There are 2 protein chains.
Amino acid sequence: VKAFKSTALASRLAENGHRGFCCATVREMLGMAAAGLGHDLLLANESLDLSRLTEVVESGVARVTVAVDSEETIAAAVQARIREALIDVTVGMPRCGCEPADAGRLAELARSQGLEVRGVMGYEGHLMREPGDTKADLVRRSMELLLEAADAVGGDIVSGGGTGTWDVNTWVTELQAGSYCLMDTEYTAHASDFENALFVQATVISKNDRWGVLDAGLKAFGMDHGDPKVLDVGDCWFVSDEHITFGLAEGASVTVGDRVRVVPAHVDPTVSQHERLHVVDGDEVIEIWDVDLRGW
Amino acid sequence: VKAFKSTALASRLAENGHRGFCCATVREMLGMAAAGLGHDLLLANESLDLSRLTEVVESGVARVTVAVDSEETIAAAVQARIREALIDVTVGMPRCGCEPADAGRLAELARSQGLEVRGVMGYEGHLMREPGDTKADLVRRSMELLLEAADAVGGDIVSGGGTGTWDVNTWVTELQAGSYCLMDTEYTAHASDFENALFVQATVISKNDRWGVLDAGLKAFGMDHGDPKVLDVGDCWFVSDEHITFGLAEGASVTVGDRVRVVPAHVDPTVSQHERLHVVDGDEVIEIWDVDLRGW
């Protein structure tokens with residue numbers, strides 16, 4: 001859910017059969033539980049702040065599983081009376097996760113302290129941008145590391161993958177994909193089976209013969225994947241705090257007051273900056289979904 | 001106020017004599033008015049959505065001045081029963097603002113429709129990164145354009161400048177600086193009179209012999225000026241949605257659970273992603289300020 005941060009959108013997925021959800025923050029876990037979407041929630045991230053989840057676990061409002069990759073994160077889960085965990089394993093990307101060879105030891109430690117270890121997780125996100133055939137081969141090698149750890153750990157879950165690798169990752173039992181729901185300009189290049197559904201609608205607030213200015217800027221777009229894409233009227237020149245300056249396309253007819261759609265370059269840190277998603281059918285707003293899982 | 005988006009911080013400025021404030025969004029204007037900080041509020045930005053300010057103007061809760069740079073934005077101000085305006089003039093940066101030669105005509109048009117035109121504004125933000133002597137000279141030439149427009153427009157306000165040019169801009173009657181209050185790694189290089197006061201405090205959630213991982217990422221930092229700076233324990237390698245991976249500094253002693261301070265690269269789009277600012281004296285939190293001017 002980290003890509004879209006909305007229990008309204010998650011509800012639609014649940015209605016279509018996706019009853020298990022993967023979260024990146026404790027706030028997302030709490031919000032999903034409160035929204036009645038707690039059938040099987042995975043906190044696919046390490047946290048030392050798990051006591052906020054104790055009540056959810058003990059009340060039975062949600063089934064909670066957390067990722068652990070160290071003695072400290074196991075201790076935090078035990079102290080918060082979390083019952084279930086996955087061992088998080090590094091599979092080539094330098095981020096969280098223990099070495100595959102250490103997974104068995106950590107699983108044993110976790111079990112000795114009363115945690116149910118349901119299996120392993122690992123994320124091969126560093127391979128998302130690889131070209132087709134190379135990607136499949138590299139994902140296979142990455143997942144071999146995860147399966148080696150799974151053998152040592154036991155349990156029946158092998159969780160991993162994402163929108164950029166889902167089509168070549170045939171090893172995991174659970175896919176952690178989320179960006180596919182809304183997409184962005186970056187993912188469109190790496191996951192061509194999905195269409196972009198996410199736009200920021202901005203208003204032209206100023207223009208002259210050469211450029212126009214939109215009233216959406218750095219506080220409306222995740223910028224780590226570069227500039228967003230202005231549709232129809234021209235090309236993004238640069239983004240300021242509350243503005244996009246765009247060069248007017250040849251022959252484009254633009255008037256101050258016009259609404260223009262802009263496609264974000266990165267879905268997750270774009271959605272997290274907005275309070276609401278407006279669901280549209282053409283120009284008609286048919287639903288408004290709160291982005292209710294923001295923050296931490 | 002766009003840099004810090006907090007009426008609590010603005011109140012401190014007001015207590016110290018800064019009774020006029022400059023906003024970038026209608027939401028900021030409404031929030032400042034509601035907080036009793038409406039002595040003299042400038043919306044230093046064009047908007048076609050000014051009717052949200054009508055009640056503030058008519059109730060007298062705040063003095064409201066808006067920037068206009070076109071017939072359309074003048075019409076929007078008149079329709080919203082805004083009473084006072086500045087003519088926004090482009091002074092070299094391709095963003096909002098009319099040509100200096102057009103400022104007089106727009107002022108006349110605005111006055112003919114009942115607006116009080118208090119003067120001009122223009123922002124020379126494109127010169128912020130110029131080296132010392134060059135900067136002073138380029139700012140002078142930029143402000144000559146603004147003063148030419150001011151002559152044609154009339155009124156007694158010449159508003160402009162920012163944290164990156166305040167020390168060499170001796171022409172404006174009002175400085176639109178805001179970043180100086182909190183600062184960031186980018187501004188520190190261009191405005192060395194101010195110290196950095198803004199940190200994101202993150203927790204080490206994973207580590208091995210080569211790198212560590214913090215629980216703050218793309219949703220906690222404005223990324224358009226590049227990666228934030230991890231203090232003391234190592235260098236930022238890359239930023240993910242909810243993580244910073246940092247290379248461990250030689251000899252750094254880091255344990256899972258440690259708190260680490262990170263300096264944002266750009267203050268405005270960092271603060272806008274957070275709900276609260278914690279004011280600290282050493283390790284003690286002495287006040288908590290809501291970031292209550294977020295959104296639009």
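How many salt bridges does the rule find across the interface of chain A and chain B? The rule finds six, a salt bridge being a side-chain nitrogen of Lys or Arg within 4 Å of a carboxyl oxygen of Asp or Glu. In one of these pairings, Asp241(A) meets Lys2(B) with an N to O distance of 2.6 Å.

This is a predicted model, in which local features need pLDDT of at least 70 and side-chain atom pairs count only at pLDDT 80 or more, while totals for chains, interfaces and linings use all residues. Residues are numbered from 1 along each chain as its sequence is written, chains are lettered from A in the order in which they are written, and side-chain values use heavy atoms, with hydrogens and water left out.

Chain A and chain B each give 49 residues to the contact (heavy atoms within 4.5 Å). The buried area, meaning the accessible area (1.4 Å probe) that two parts lose on being put together, summed over both, is about 3,800 Å², with 58% from carbon and sulfur atoms. On the side of chain A, the residues that lose the most area to chain B are Arg95(A), Lys219(A) and Trp296(A), together 18% of what that side buries.

Within chain B, strands E8 (residues 200-207) and E13 (residues 259-263) pair in the antiparallel sense over four bridges; strands are DSSP runs of at least two residues, numbered from the N terminus, and two strands pair if DSSP finds at least two bridges between them. Val200(B) stands opposite Val262(B) of E13(B). Strand E10 (residues 229-230) of chain B also runs antiparallel to E13(B), joined by two bridges, and Val230(B) has Val262(B) as its bridge partner.
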